[in-house]
Amino acid sequence: EVEGMMLRAGISSEDWELQGYRSATHAFALMLLEFPLRIVTALAQAHAGMWIRNGNLVADQQYAYCGPSIREGMFLMDLLAIQIAACILSPPEFLRVVQEKFGVADWLRGQVEAEPEREEEAVVLLGELLSLLIKVLCERALVGPRSPALDVRNHLIHALSPGPKTHSALVRALPPRIPEEECFDAVLADVATFRRPDETQQGTFQLKPHLLPDVDPFC
């Protein structure tokens with residue numbers, strides 16, 4: 001099936017053999033991995049301060065890419081592509097490609113004598129790489145069946161974990177489809193305690209303490 005898809009795309013077996021691919025499936029996995037990995041690498045570089053001269057442009061793009069309104073259609077779709085590629089490639093090859101794309105392969109082998117600021121960048125990049133690997137292994141937002149109630153519950157727990165929120169702030173922190181679920185109000189009442197408004201503060205929802213162990217810090 002993969003080979004047929006490659007042929008329909010105009011890529012013959014001779015093409016991928018000449019380019020060093022072992023099979024059509026191997027070529028497909030590496031091509032699937034390439035562009036999503038470029039994006040997450042660019043975000044990691046932004047966290048490391050390597051795009052600081054571009055001002056706030058990259059930070060704004062990062063917020064849009066990972067923000068709640070379109071995260072499911074952008075970051076999570078790219079993460080899913082990386083997860084699929086990770087399932088096809090061997091673990092050593094997948095790790096090699098990711099390390100090279102993040103630019104830390106030589107640093108991990110101890111073959112680079114960098115300036116102190118470059119070492120700081122490498123440490124941040126390595127942290128971002130480890131965070132990505134954890135997400136690849138553990139993130140199940142788009143993998144496997146999940147009931148609407150469990151989906152809403154997971155989103156509410158993580159939206160409320162940083163602290164109490166008003167209803168409007170809570171809705172803004174969620175993907176647009178979540179507040180539209182029929183079970184939303186019932187699940188919200190189950191996972192959060194409502195603090196009534198007073199003369200100085202609006203009413204807020206606070207995550208129930210016994211649900212804190214359900215929070216995934218890498219989500």
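Colleague: Which residues of helix 3 and helix 5 meet?

Modeller: The model is a predicted one. In it, T25, F28, A29, L32, L33, P36, L37, I39 and V40 of helix 3 meet F75, D78, A81, I82, I84, A85 and I88 of helix 5.

Colleague: What makes these pairs count as a contact?

Modeller: The cut-off for contact is heavy atoms within 4.5 Å.

Colleague: How do the residues of the contact of helix 3 with helix 5 divide into nonpolar, polar and charged?

Modeller: There are 14 nonpolar residues, one polar and one charged. Asp counts as charged, and D78 of helix 5 is among the residues in this contact.

Colleague: At what angle do helix 3 and helix 5 pack, and how far apart are their axes?

Modeller: The angle is about 145 degrees, and the axes lie 8 Å apart. Helix 3 passes helix 5 in a left-handed crossing.

Colleague: Why are helix 3 and helix 4 called oblique to each other?

Modeller: Their angle is about 130 degrees, with the axes 10 Å apart. Roughly perpendicular covers 65 to 115 degrees and roughly antiparallel needs over 145. Helix 3 and helix 4 are therefore oblique to each other. The crossing of helix 3 with helix 4 is left-handed.

Colleague: Which residues make that contact between helix 3 and helix 4?

Modeller: Helix 3 gives I39, V40, L43, A46 and H47, while helix 4 gives V58, Q62, Y65 and C66. By class, this contact has seven nonpolar, two polar and no charged residues.

Colleague: What about helix 9 and helix 11: at what angle do they pack?

Modeller: Helix 9 (residues 148-160) packs against helix 11 (residues 184-191) at about 50 degrees, with the axes 9 Å apart. That angle makes helix 9 oblique to helix 11. Roughly parallel would need an angle under 35 degrees, and roughly perpendicular starts at 65.

Colleague: Is the crossing of helix 9 and helix 11 left-handed or right-handed?

Modeller: The crossing of helix 9 and helix 11 is right-handed.

Colleague: Which residues of helix 9 and helix 11 meet?

Modeller: From helix 9 come A149, V152, R153, L156, I157 and L160, and from helix 11 come F184, V187, L188 and V191. By class, nine are nonpolar, none is polar and one is charged.

Colleague: What makes a space a cavity and not a pocket?

Modeller: In a cavity a 1.4 Å probe fits but cannot get out, whereas a pocket is an open set of points.

Colleague: Which residues line the largest cavity?

Modeller: Its lining consists of L76, L79, L80, Q83, E139, R140, A141, L142 and V143. Six of these are nonpolar, one is polar and two are charged.

Colleague: What volume does the largest pocket have, and how many residues line it?

Modeller: The volume is about 990 Å³, and 42 residues line the pocket, with C66, R71, F75, F218 and C219 nearest its centre. Elements that give two or more residues to the lining include helix 3, helix 4 and helix 5. By class, the lining has 22 nonpolar, eight polar and twelve charged residues.

How values were computed
Residues are numbered from 1 along each chain as its sequence is written. This is a predicted model: local features need pLDDT of at least 70, side-chain atom pairs count only at pLDDT 80 or more; totals for chains, interfaces and linings use all residues. Side-chain values use heavy atoms; hydrogens and water are left out. Axes are lines fitted to C-alpha atoms, for helices over the stretch in contact, and angles run from 0 to 180 degrees between N-to-C directions. Helices (H or I, at least four residues) and strands (E, at least two) are DSSP runs, numbered from the N terminus. A crossing is left-handed if the near helix is turned anticlockwise from the far one by less than a right angle, and right-handed if clockwise. On a 1 Å grid over the protein atoms alone, a cavity is a set of points where a 1.4 Å probe fits but cannot get out, and a pocket is an open set with protein on both sides within 12 Å along at least five of seven lines; lining residues have an atom within 4 Å of a point. Grid points are joined across faces, edges and corners, and a volume is the space filled by probe spheres set on the points.
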